[in-house]
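Work through these exercises with the model open. Each task is followed by a worked solution.

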Amino acid sequence: MIDLYFWPTPNGHKITIFLEEAGLDYRFEPVNISKGDQFKPEFLAFSPNNRMPAIIDHAPTDGGEPVTVFESGAILVYLAEKTGKFLPTDVRGRKTVLEWLFWQVGGLGPMAGQNHHFVQYAPERIPYAMERYVKETGRLYGVMDKRLADNEFLGGSELSIADMASYPWIVPHQRQQQDLDSFPNLKRWFTAIKERPAVVRAYEKGQAVNPSGTPTVNDESKKILFGQSADTVKR
């Protein structure tokens, strides 16, 4: 059994997609980041960056004590190695999937996140920042589109953790001011993944964690989500 510490955000959905695709048993441990659940001592004990998702694997492959993992990219690699799924074992295939996984965690996610922040949530409109991150998001979409022109998936011919990491960050493409019609190869990939039964289940189950549909970012939560500093860590 996997305990998944989760809230329905793009990073959270990365893990539910894997778990559903792999058919692993898991249970949700909701971390309502808009209310500050990520700062609870019991969560910080194994997720020191006060971010979800994180997991506790109660049946690690070494047969020992439960294993905790934080950071979405690390969780995907851990689960792929645990199950032997969605990460090639040959040197070249593994290298390629990891390249695109790290491309997402170091590029697409952070840049799209800054896009969301300055376009949707910033208390003041800063045209330079808005243009900077909308354009950079578009550039990264272009990188994906070029890759997918000759490959069914980011890692090659088969679905991998690279696709699972990137897909949730394309879901809010309209909020990122991106038109998928401008990226036909990316649009083809996006539609194919969206229609996978495991992905449909992942989003349905994930959204059920927040049945009220309360937005993660609202006027009350902005201070919690955007007001952190070194003093937050030292508490």
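**Exercise 1.** Which residues does Leu 225 touch, not counting residues up to four places away in sequence?

Solution. The model is a predicted one. Start with the location: Leu 225 lies in helix H9, residues 222-226. Next, list the contacts. Leu 225 touches Ile 33, Gln 38, Thr 216 and Val 217. Then check a C-alpha distance: Leu 225 and Lys 35 are 190 residues apart along the chain, yet their C-alpha atoms are separated by 9.1 Å. Last, take the accessibility. Leu 225 has 18%, and buried means under 20%, so Leu 225 counts as buried.

**Exercise 2.** Classify the ring pair of Phe 18 and Phe 86, and state which parts the pair ties together.

Solution. The whole structure holds 13 aromatic pairs. For this one, the ring centres are 5.5 Å apart and the planes stand at 80 degrees. Plane angles over 60 degrees count as edge-to-face, so this pair is edge-to-face. Now place the residues. Phe 18 is in helix H1 (residues 10-22), while Phe 86 is in the loop between helix H3 (72-83) and helix H4 (91-121). The pair therefore ties together parts that are 68 residues apart in sequence. Both Phe 18 and Phe 86 are buried.

**Exercise 3.** Is Phe 43 buried or exposed? Describe its pairing with Phe 46.

Solution. Phe 43 has 3% relative accessibility, so it counts as buried. Phe 46, at 10%, is buried too. Their rings form an edge-to-face pair, with 5.6 Å centre to centre and 75 degrees between the planes.

**Exercise 4.** Which residues do ring pairs link into a cluster?

Solution. The cluster consists of Tyr 167, Trp 189, Phe 190 and Tyr 203.

Terms used: Residues numbered from 1 in each chain as written. Predicted model: local features only at pLDDT ≥ 70, side-chain atom pairs only at ≥ 80, totals over all residues. Heavy atoms only, no water. Phe/Tyr/Trp six-rings, centres within 6.5 Å; stacked < 30°, edge-to-face > 60°. Helix = DSSP H or I, 4+ residues; strand = E, 2+ residues; numbered from the N terminus. Buried < 20%, exposed > 50% of the residue type's maximum accessible area, 1.4 Å probe, protein only. Contact = heavy atoms within 4.5 Å.
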